[in-house]
There are 4 protein chains.
Amino acid sequence: MDSKGITAPELVTSVWLNTAEPLRLEKLRGKVVVLHAFQMLCPGCVSHGLPQAAEIAAMYSRDQVQVIGLHSVFEHHAVMTLDALKAFVHEYRLTFPIAVDQPSEVDPIPVTMQRLNLQGTPSLVLIDKTGAIRLTHFGRLSDMQVGNMIGQLLMENDDSQDSTDKPDRAEPQANGQCDDEGCSL
Amino acid sequence: MDSKGITAPELVTSVWLNTAEPLRLEKLRGKVVVLHAFQMLCPGCVSHGLPQAAEIAAMYSRDQVQVIGLHSVFEHHAVMTLDALKAFVHEYRLTFPIAVDQPSEVDPIPVTMQRLNLQGTPSLVLIDKTGAIRLTHFGRLSDMQVGNMIGQLLMENDDSQDSTDKPDRAEPQANGQCDDEGCSL
Amino acid sequence: MDSKGITAPELVTSVWLNTAEPLRLEKLRGKVVVLHAFQMLCPGCVSHGLPQAAEIAAMYSRDQVQVIGLHSVFEHHAVMTLDALKAFVHEYRLTFPIAVDQPSEVDPIPVTMQRLNLQGTPSLVLIDKTGAIRLTHFGRLSDMQVGNMIGQLLMENDDSQDSTDKPDRAEPQANGQCDDEGCSL
Amino acid sequence: MDSKGITAPELVTSVWLNTAEPLRLEKLRGKVVVLHAFQMLCPGCVSHGLPQAAEIAAMYSRDQVQVIGLHSVFEHHAVMTLDALKAFVHEYRLTFPIAVDQPSEVDPIPVTMQRLNLQGTPSLVLIDKTGAIRLTHFGRLSDMQVGNMIGQLLMENDDSQDSTDKPDRAEPQANGQCDDEGCSL
């Protein structure tokens with residue numbers, strides 16, 4: 001885990017599921033935020049990433065840790081629609097808040113995925129109590145590693161950082177390849 | 001396993017993937033046919049049924065055992081489209097022949113699923129060398145049980161039966177419920 | 001699976017557990033015999049081989065399939081004693097008949113293991129209804145493969161073979177190496 | 001996790017493996033200590049507890065986290081000997097320091113297990129940088145839970161506590177029962 005990080009850019013989303021109103025990162029200061037970027041047709045997300053996100057949501061109090069699923073579609077856009085996602089979320093019984101990453105008008109990669117410079121899905125982004133990005137990981141992390149990092153972030157004070165840095169903009173070309181680990185750009 | 005069974009009704013399908021031309025059960029006499037009915041948004045199919053079907057396809061010679069996937073959509077019809085199935089088959093790297101069960105004009109349950117009187121997905125149908133249905137199972141079967149049954153069917157002669165019975169027609173109402181085991185009508 | 005095989009040499013054992021009286025292969029004609037050679041301190045036996053043997057014992061009728069555990073100690077003789085085996089069998093709740101392979105007076109490899117020319121533990125030996133060895137496998141086999149082979153053997157008539165061949169005697173030196181798959185000579 | 005705890009009593013042991021010299025808790029102040037009490041013939045220890053301890057040892061720097069295996073034999077004393085343990089440790093390739101809990105002269109339960117008032121094996125004891133016991137758990141804990149707790153303990157200062165309390169002495173009767181979770185007194 002980086003000892004400090006840049007402030008996470010605000011999520012840019014089109015729709016939210018499993019929440020009465022949209023979540024904003026800036027309103028989540030004081031909590032650890034676990035952002036899990038996935039695609040519903042990504043095998044590694046379905047077998048490993050989403051179950052891990054659900055376990056985090058079940059294990060921690062929502063007062064301390066906020067899990068957010070981010071449906072960042074960068075391939076097969078025509079079939080990973082909102083209705084398809086709704087059916088998927090229903091059948092897989094996902095109950096934590098899930099946002100649809102805002103599609104770009106000029107790029108297959110959606111807006112938040114670009115801003116976070118993610119390499120593919122599943123990706124895990126850990127944001128500390130001050131709003132700083134402390135981990136960005138594409139692929140699989142063990143439950144013990146994830147538990148360890150969240151445990152450490154929970155112990156930090158929330159006034160320890162005041163970063164206003166902006167992340168570099170990234171515009172990778174989408175040519176997704178999926179394997180057991182996940183789907184990469 | 002039943003000691004004998006009725007002849008499997010012919011598959012009624014709209015599209016085939018992973019095969020140069022449609023398969024017909026009547027052309028497969030002399031082989032054991034493993035028919036795996038699934039839905040791409042059925043968790044039990046994704047985690048257990050389809051990997052088992054793929055293992056069967058990898059383990060047996062296609063001269064002896066023909067695995068067929070049957071996409072029998074009885075819920076969420078609007079999103080489990082042919083294009084969505086194609087993306088799913090691509091991402092999950094399924095290589096055995098897969099057919100789309102013909103949608104019914106008057107019923108949410110597709111035609112072959114009705115004819116086979118399946119209870120939900122995943123369902124496994126084992127058809128012997130004579131074309132008779134020897135097992136219809138909804139839910140999970142262990143690999144050892146499936147291997148045992150296929151092994152036994154392979155040892156039978158293919159001139160042992162000549163059933164021309166027709167299965168009873170079933171028209172269940174589709175009100176799908178999914179759990180860890182699968183999605184039932 | 002070999003299409004035919006030599007007759008299995010009779011088991012040479014010092015003690016039996018989980019059975020009122022010793023089993024003899026020659027008395028088991030008409031049944032498929034699943035002989036599982038293991039050592040209680042062999043990781044691959046504990047994690048994979050013995051659970052598979054227990055699943056076979058649970059799935060098949062003992063009228064058709066006889067599972068036999070064979071404790072073939074070829075290393076750490078001083079600690080894999082009968083009392084240690086009894087404690088192991090109790091704690092792991094093994095209920096199928098288990099025999100202690102007769103120690104050799106001149107060789108670290110016990111007698112039956114020598115006669116069967118096994119390479120290490122776990123080893124699976126499948127014996128058909130006529131008493132012929134049809135498979136000898138060191139290491140891991142999938143449940144589907146094992147189920148398939150037993151299913152095929154169950155379909156054979158028990159008067160199909162009458163082999164009186166004797167296996168070649170083997171006297172390998174014991175220099176056991178264990179890995180995830182098992183312990184080899 | 002308790003917010004504070006009593007100081008862990010010193011380990012009372014007869015032999016150490018995998019270390020040049022015996023470890024003493026009082027010399028480990030400043031590190032988080034993960035004490036894993038096990039028996040080599042306890043199925044839950046073999047399948048879950050010891051692999052988890054090994055993963056902890058592999059994931060954390062030994063400068064920060066010290067994993068200690070404690071062979072606390074409370075049943076089958078005659079066969080879980082030092083030589084048997086050595087063979088077990090060799091075959092299972094355990095590389096973290098392992099101590100043999102000192103047998104009691106008057107009780108089947110060994111001395112350290114009594115002092116820690118453990119209910120059975122596997123048991124996990126987490127000791128913070130000040131030497132205080134922060135968790136005592138019999139049975140299974142998820143990797144995420146364990147990672148979370150160690151991560152939190154790592155973030156604490158090591159001068160935050162100065163407890164000199166002694167734990168109550170416990171002398172349970174040993175009538176061990178093992179199930180999938182572990183072996184209890």
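Predicted model: local features only at pLDDT ≥ 70, side-chain atom pairs only at ≥ 80, totals over all residues.

Guide: Residues are numbered from 1 along each chain as its sequence is written, chains are lettered from A and ligands numbered from 1 in the order in which they are written, and side-chain values use heavy atoms, with hydrogens and water left out.

Visitor: How much area do chain B and chain A bury between them?

Guide: About 1,500 Å², with 62% of it on carbon and sulfur atoms; buried area here is the accessible area (1.4 Å probe) that two parts lose on being put together, summed over both. Of the area that chain B buries against chain A, 37% is supplied by B:Leu41, B:Glu91 and B:Tyr92, more than any other three residues.

Visitor: How many salt bridges and polar contacts are there between them?

Guide: The count of salt bridges between chain B and chain A is zero, a salt bridge being a side-chain nitrogen of Lys or Arg within 4 Å of a carboxyl oxygen of Asp or Glu. Two residue pairs are in polar contact across that interface, both at pLDDT 80 or more. A polar contact is a pair of N or O atoms within 3.5 Å; within protein, one must be able to donate a hydrogen and the other to accept it, and residues adjacent in sequence count only if both atoms are side-chain atoms.

Visitor: Switching to chain C and chain D, how big is the area buried there?

Guide: It is about 1,500 Å², and carbon and sulfur atoms give 63% of it.

Visitor: Which helix of chain C supplies the largest share of its side?

Guide: On the side of chain C that touches chain D, helix 1 (43-59) and helix 2 (82-91) each supply at least two residues, and helix 2 has the largest share, with six residues. Helices (H or I, at least four residues) and strands (E, at least two) are DSSP runs, numbered from the N terminus.

Visitor: How many aromatic pairs are there over all chains?

Guide: The search finds eight over the whole structure; rings of Phe, Tyr and Trp (its six-membered ring) pair if their centres lie within 6.5 Å, and planes under 30 degrees apart count as stacked, over 60 as edge-to-face and the rest as tilted. The rings of C:Phe38 and C:Phe88 are stacked, because their centres are 6.4 Å apart and their planes are at 25 degrees. C:Phe38 lies in strand 2 (residues 32-38) of chain C and C:Phe88 in helix 2 of chain C, so this pair ties together parts that are 50 residues apart in sequence.
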